[in-house]
Amino acid sequence: MNKGLLSKGQEGLSRRELLVMVGAAAGALASYSDAAKAAEQSTIAVDKVGPGEDIFTYIRREKGGFDQTLYQQVVGAANDFKEGDRAIGAAAVDEATRKNARTLLANTKIGDLYQHPLFEDDLQRLIWQTTDQAQYAKVKDWTMGQLKEFLLAEPEARIKGIMNGLTSDTIGCIPKLMSNEELIVLGQKIFNVLPGTKMGAKGYMGARIQPNSPTDHPEDVVWQVFDAFSYATGDIVIGTNPVDSTVKSVAAVEQALKDVVDTFKLNETIPWCVLAHIDVQADVSEGYPGTVATMFQSLAGTDDCNKIFDITIEKIMKYARAKKGERYGLYFETGQGSEFTNGAANGVDMMVLESRKYGFSRAVGIELAKVQPRGAWLHINDVAGFIGPEVFGSREQLVRCCLEDIAMGKLHGLTIGLDICTTLHMTVSLEDLDWCQDQIMPANPVYLIALPTKSDPMLSYLTTSFQDHVRLREKFGFKVNDAMWDFYKRIGIVDEDSKYTVNYGDPLWVYYQYRLAKGETRSKDAVYAEGRQKMQEVEGRGVDLATGHGENIWDLNPQLAAKVKGLYDDAKQSLWAELTPEFVAAIPAVVPVRTLSQDRNDYIAHPGTGEILSPEAIAELERMRDSWGDDPPQGQIVISDGLNAKAIMDDGHLGPYLEEMRRLLADAGVSVSDKNILVTSGRVRAGYRIGEVLFETSEPNSFRGILHVIGERPGTMHHAYSVYITVAKGKVWSEKKIDHDMTKLVSNVADTALPPKEAARETLTIIREIVGKEVNGSRRYRT
């Protein structure tokens with residue numbers, strides 16, 4: 001696009017950074033690469049195992065020597081089945097193969113696994129460097145079967161005497177040999193406590209309050225915190241996922257959270273965090289000193305995938321060292337599947353890749369311990385189930401994944417919590433989540449996510465409500481961190497006997513306590529009247545607040561329960577909705593194209609098909625490109641149904657954005673194609689492929705861009721869409737390597753969330769930032 005005309009725009013504006021994961025926690029559409037799609041049906045058969053045969057003797061027998069691919073496949077085949085491993089090409093063809101692979105693995109020595117990494121990169125080398133060699137020497141001659149028996153038979157103290165000598169590959173292989181019941185036994189043995197707290201101790205299970213807002217409105221965020229406190233829920237961190245990851249917006253939310261913590265005098269008890277990219281958080285800390293407590297980042301299990309997340313080992317270590325002398329450290333989120341959804345699994349199964357993230361975290365913890373006088377404050381949130389059915393599709397698999405990850409995290413010495421969650425395009429229901437929680441809790445994760453209801457108002461997925469925490473504490477006898485429980489007593493949510501008071505489930509009461517702590521002189525009635533007005537405004541913006549309860553104290557009140565059920569039902573309808581012929585015909589200068597998805601079911605079950613353009617689509621795009629001759633436009637608008645066609649078709653959504661966007665670009669002197677390309681069954685990468693076709697012959701050093709409007713995950717009242725902004729020079733488009741690391745995002749666009757015309761203005765600002773700086777990555781530590 002036109003550098004001269006656009007380079008004078010504001011700097012730093014970038015709506016939620018594209019985080020495909022892990023959970024993440026940032027809500028981007030999950031998808032996988034062409035390479036992963038090609039591997040989707042690739043499975044391995046292991047027909048027979050000789051007496052005492054291990055993985056390496058089996059490979060030599062089959063291949064005549066060592067073979068890295070077969071090694072990765074056999075190790076992967078030992079996993080319980082998950083769809084993601086099949087996509088990677090590391091899944092057993094049947095149960096007989098799975099049993100045989102486990103036998104081979106059980107016979108394999110730890111030292112041999114150490115000498116043969118499943119994938120070697122800088123992260124693997126870091127894991128080697130931070131593996132305790134004295135402890136490794138104790139176990140290197142053990143077989144994996146012997147290690148399993150040791151872990152199940154021995155007490156915590158003996159396990160902690162060897163576990164730092166295990167590499168992440170070894171730890172990632174342990175759950176392959178264990179049943180769910182054995183994983184629970186292991187989870188019940190190992191406890192890694194955050195310094196100066198009870199979080200991570202046996203019998204304690206806390207919460208990360210997740211007060212997300214569709215518009216990053218500070219009042220939405222703060223009132224959800226009051227709501228959590230009213231259910232005596234929240235102790236490890238108050239962490240909100242931002243829609244807008246600009247420094248100014250993140251700082252505003254950080255300041256609002258800091259105010260709550262300061263007012264209640266909880267600075268030594270609970271940190272707060274806005275889960276923007278770690279570079280943005282650092283910029284906020286620099287520009288607004290004292291507003292950032294703990295710092296967050298999503299991690300991946302390979303260097304290649306971490307590059308897509310715009311992080312390196314050295315960058316994270318710099319941030320760890322920068323925490324010198326501070327109370328709070330770093331907070332990481334992980335989750336099985338993020339590597340394969342980004343085409344960066346390198347043939348390694350999802351469980352070992354997840355274990356490598358914990359090895360990364362363990363190494364960071366070692367670095368933090370050098371600079372934090374009261375001990376390293378680091379914890380992990382495993383976001384299991386966030387990506388979708390391409391990773392795994394059933395409630396049983398969700399439980400299995402959580403139990404695996406708890407065991408691996410604890411064996412790495414980590415304080416690990418869970419986001420027991422599901423996207424609305426999975427088959428896991430609201431009721432299923434309760435069942436999953438009950439299966440997982442005996443393994444004693446350190447904490448769970450906590451929302452007013454199970455439905456996140458911004459990320460559009462299902463997880464744990466405040467009242468789920470109440471139910472689980474009641475059923476399993478779990479405690480909240482002592483210092484935070486004392487606070488709940490202080491504000492009158494629980495009494496001196498730890499029983500809930502009449503103020504339970506009343507965020508107005510918490511707001512009243514907040515006002516009193518600020519020196520309020522008005523009457524209680526006046527404060528309550530003000531609070532009720534604020535609550536109405538919050539709920540009017542699409543953020544539900546839980547109040548009171550139903551038949552049991554852990555039940556939502558009936559009206560709110562009915563509303564949540566309605567949103568769930570609407571989400572399922574939105575998921576299966578298709579663009580109507582009438583809507584398509586009404587789009588000006590429309591050019592309809594399709595991906596390889598045969599129908600809606602194929603699109604949802606096989607995400608990769610939605611990334612690849614059909615031959616007919618490519619031919620149509622080539623005709624369109626050829627019609628431009630020697631004067632191609634600088635930009636192209638693409639529209640896709642995504643996972644929510646209603647978001648595109650709702651009145652007042654698409655039209656105002658297109659109209660304002662075209663006006664702004666024209667005023668800026670940017671030429672844009674007069675055609676609107678409409679993709680049926682389109683995912684994010686389909687937009688990249690369109691740009692590669694259209695701009696592959698463009699002038700190599702001139703900017704060209706794709707604005708891809710796509711329906712977001714359903715699950716809220718907003719029916720929101722996102723705009724993926726990809727701007728690059730012609731030579732980059734011609735190389736056909738465009739991916740998420742080159743893309744910025746404007747999200748949550750709807751007439752009831754981020755208004756479409758405002759989204760258009762933000763889109764232009766982001767284009768100016770990209771073109772003006774000629775960068776797509778970190779604004780802070782460049783690698």
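I took a salt bridge to be a side-chain nitrogen of Lys or Arg within 4 Å of a carboxyl oxygen of Asp or Glu. By that rule I get a count of 51 salt bridges. The model is predicted, so I kept local features only at pLDDT of at least 70 and side-chain atom pairs only at pLDDT 80 or more, while totals for chains, interfaces and linings use all residues. Residues are numbered from 1 along each chain as its sequence is written, and side-chain values use heavy atoms, with hydrogens and water left out.

**Entry: pairs**

I looked up glutamate 219 and found its side chain in a salt bridge with that of lysine 534, at 3.4 Å from N to O. Glutamate 219 sits in helix α14 (residues 218–230) and lysine 534 in helix α26 (residues 524–540), so the pair ties together parts 315 residues apart in sequence. I took helices (H or I, at least four residues) and strands (E, at least two) as DSSP runs, numbered from the N terminus. Glutamate 219 is partly exposed at 28%, and lysine 534 is partly exposed at 22%.

Next I checked aspartate 310, whose side chain meets that of lysine 315 in a salt bridge of 3.7 Å, N to O. Aspartate 310 has a relative accessible area of 24% and is partly exposed, whereas lysine 315 is buried at 2%.

Which residue forms a salt bridge with arginine 685? I found glutamate 611, with the closest N and O atoms 3.1 Å apart. This pair links distant parts of the chain, 74 residues apart: arginine 685 is in helix α33 (residues 684–695), and glutamate 611 is in the loop between α29 (600–605) and α30 (615–628). Both arginine 685 and glutamate 611 are buried.

I also noted one network, in which salt bridges with shared partners join Asp80, Lys82, Arg102, Arg400 and Glu404.

**Entry: a buried charge without a salt bridge**

I then turned to glutamate 254, in helix α15 (residues 247–263). Glutamate 254 is buried yet has no salt bridge, and its nearest side chain of opposite charge, lysine 323, is 9.1 Å away. For opposite charge I counted Lys and Arg as positive and Asp and Glu as negative, leaving out His and the chain ends. What I did find is a polar contact of 3.1 Å between the side chains of glutamate 254 and tryptophan 272. A polar contact here is a pair of N or O atoms within 3.5 Å; within protein, one must be able to donate a hydrogen and the other to accept it, and residues adjacent in sequence count only if both atoms are side-chain atoms.

**Entry: two loop lysines**

I placed lysine 454 in the loop between β9 (447–450) and β10 (461–462). Lysine 454 counts as buried at 11% relative accessibility, and its side chain makes a polar contact of 3.1 Å with the side chain of aspartate 468.

Lysine 109 is in the loop between α6 (95–106) and α7 (110–115). I have lysine 109 as partly exposed, at 38%. Lysine 109 and glycine 52 are 57 residues apart in sequence and 12 Å apart in space, C-alpha to C-alpha.

Notes. Buried means under 20% relative accessible area, exposed over 50%, partly exposed in between (1.4 Å probe, protein chains only).
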